[in-house]
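These are my notebook entries on one chain, set down in the order in which I looked things up. The sequence and the model come before the entries.

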Amino acid sequence: MLAGRLARLALIAAPFVVCAAFYLPTLSGAFLSDDYAVLAALSDWSRDRHLVSGLLAKFVSGLDSPSNYYRPLTFVSFAANFAIGGA
């Protein structure tokens, strides 16, 4: 019974472990230039006290000029990091 649960847990955790191992070397790198546009937008929305509404609006539409890209999981990830640790 316990061995079956451990095997099931290992199967569930395996993709996350592989993904973490794959991206581990990138954690020491710097932001790319287009990442700063997201951070600036989050900072502006937070300062104007509409972080959640700004995030939700851009989640469905993407970022405006000059970046013009749509990366919803990036927005959510950066927003969570921003909410926890600030800019």
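Predicted model: local features only at pLDDT ≥ 70, side-chain atom pairs only at ≥ 80, totals over all residues.

**Entry 1: the salt-bridge network**

I began with the charged side chains and found that Asp44, Arg47 and Asp48 are linked in a network of salt bridges. I count a salt bridge where a side-chain nitrogen of Lys or Arg lies within 4 Å of a carboxyl oxygen of Asp or Glu.

Residues are numbered from 1 along each chain as its sequence is written, and side-chain values use heavy atoms, with hydrogens and water left out.

I looked up both pairs. Asp44 and Arg47 meet through their side chains at 3.1 Å, N to O. Because they are 3 residues apart in helix H2, about one helical turn separates them. For Arg47 and Asp48, I find the closest N and O atoms 3.7 Å apart.

I then checked accessibility, taking buried as under 20% relative accessible area, exposed as over 50%, and partly exposed as in between (1.4 Å probe, protein chains only). Arg47 is exposed at 55%. Asp44 is partly exposed at 34%, and Asp48 is partly exposed at 44%.

**Entry 2: the chain as a whole**

I record 4 helices and 0 strands, in the order α-α-α-α along the sequence. Helices (H or I, at least four residues) and strands (E, at least two) are DSSP runs, numbered from the N terminus. Of the 87 residues in the chain, 20% are buried.

For contacts I use heavy atoms within 4.5 Å. Among contacts between residues at least 6 apart in sequence, 48% join residues at least 24 apart.

The chain exposes about 6,700 Å², and carbon and sulfur atoms supply 68% of this area. I take accessible areas from the Shrake-Rupley method with a 1.4 Å probe; for residues, only the protein chains shown count as cover.

**Entry 3: helix H2**

Which residues of H2 are buried? I list Asp35, Val38, Ala41, Leu42 and Trp45. Their directions from the helix axis, taken to the C-beta atoms, fall within an arc of 125°, so these residues line one face of H2. The buried residues of H2 pack against H3 and H4.

The 13 residues of H2 should span 18 Å, and the end C-alpha atoms are 19 Å apart, which agrees. After H2 comes Arg49, with a positive phi near 60°.

**Entry 4: helix H4**

In H4 (residues 72–85), I find Pro72, Phe75, Phe78, Ala79 and Phe82 buried. They cover an arc of only 130° around the axis, which puts them on the same side of H4. On the other side, Leu73, Ile84 and Gly85 are exposed. The cover over the buried residues of H4 includes helix H2 (35–47) and helix H3 (51–61).

The 14 residues of H4 should span 20 Å, and the end C-alpha atoms are 20 Å apart, in agreement. Gly86 follows H4, and its phi is positive, near 80°.

**Entry 5: a surface patch**

Leu2 belongs to helix H1 (residues 2–23) and is exposed, at 59% relative accessibility.

Notes. Expected span 1.5 Å × (residues − 1).
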